[in-house]
Amino acid sequence: MFEWIILAALAAVVLYQLYATLGRRVGRQPEDAPVVAPASASALDLKAPEAPAEALSGLAALRARQSDFDIGHFLSGARQAYEMIVKAFAAGDRETLKPLLSSDVMANFETAIAAREAQNRTETAEFMVPPRTDLDSITVEGDVAKAVVRILAEIRTRSTSAEGDAVDDRRTADLWTFQRDLKSKNPNWTLVRVDVAEA
C-alpha cells in the first residue's frame, strides 16, 4: 500500500513537470508575428505599369526619349531659326541655310534664290515685330521626332532690281516642320517642310 502511494506521488510529480515544460511558451510563437493584411486589388493597382515609349504619343513620346525637352526653350530656338532662315533666304546666303534645312527644302530655296539672281534682283528682310511661335503638334516615329510650329510674322522686304526699289510689308502664317534624329548627339532640329497656314 505504501509503495502505491509513493508511485502515485512520483507520477504526480512527473505529470506536473511535463505540464510545466510543455505548457510554457519558449522562443517566438506563431502568434507573435505581426499581422499583415492581404493587399487588396485596389492597393496593387495604385501605380500603373509604365507604358513603353513606342506606345506613347506626342509630347509624352518625345519626353520618354528626351527627358529634358522643354517646350519654351524649343519654341525660342524655333523662332531664332525662323528669323535666321528668312533673312538668309532673302540675302541668298546659302552657307547659313545649308545646316538649317533638309536637302529637299534646301533644293527649293536654291531654285528660288537662283531665279532671283538671274533677274539681278537683291532682297533684304526685317521683322516689324518679333514672330510668334506656337507648338502645333509633335510626333515620334522610330528614332525620328517631328515638331510642327505655327509661325505668325510681320515682315518687311526691300528689293532692288533693274526696275528700281520696292518695299513690301506683309503678314505671314506658316507651319514649319522641324525634325531631329533622337539618336544623334546633335541637339539641333532641321527644317524639313514649310506649309502655308491660316492666320
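Follow the sequence and the pattern reads α-α-α-α-α-α-β-β-β-β. Before you zoom in, remember that this is a predicted model, with local features needing pLDDT of at least 70 and side-chain atom pairs counting only at pLDDT 80 or more, while totals for chains, interfaces and linings use all residues. Residues are numbered from 1 along each chain as its sequence is written, and side-chain values use heavy atoms, leaving out hydrogens and water.

**Stop 1: the core.** Of the chain's 199 residues, 26% count as buried (under 20% relative accessible area with a 1.4 Å probe, protein chains only). Now select Phe-74, Tyr-82, Leu-97, Leu-101, Trp-176, Phe-178 and Trp-189: these have the most contacts inside the largest nonpolar core, which has 31 residues. Such a core is a set of buried Ala, Val, Leu, Ile, Met, Phe, Trp, Tyr and Cys residues joined through side-chain atoms within 4.5 Å. Color helix 4 next, as it gives the most to this core, with nine residues.

**Stop 2: Phe-74.** What does Phe-74 touch, leaving aside residues up to four places away in sequence? Show Phe-69, Leu-135, Ala-147, Val-149, Phe-178 and Trp-189 and you have its partners; contact here means heavy atoms within 4.5 Å.

**Stop 3: the largest pocket.** A pocket is an open set of points on a 1 Å grid where a 1.4 Å probe fits, with protein on both sides within 12 Å along at least five of seven lines; lining residues have an atom within 4 Å of a point. Its volume is about 640 Å³, counted as the space filled by probe spheres set on the points. Helix 4 (71-91) is among the elements that line it, and with seven residues has the largest share.

**Stop 4: the second largest pocket.** Select Val-86, Phe-89, Arg-170, Asp-174 and Trp-176, which lie nearest the centre of this one among its 16 lining residues. The volume here is about 300 Å³, and helix 4 again gives the most to the lining, with five residues.

Note on methods: Helices (H or I, at least four residues) and strands (E, at least two) are DSSP runs, numbered from the N terminus. Buried means under 20% relative accessible area, exposed over 50%, partly exposed in between (1.4 Å probe, protein chains only).
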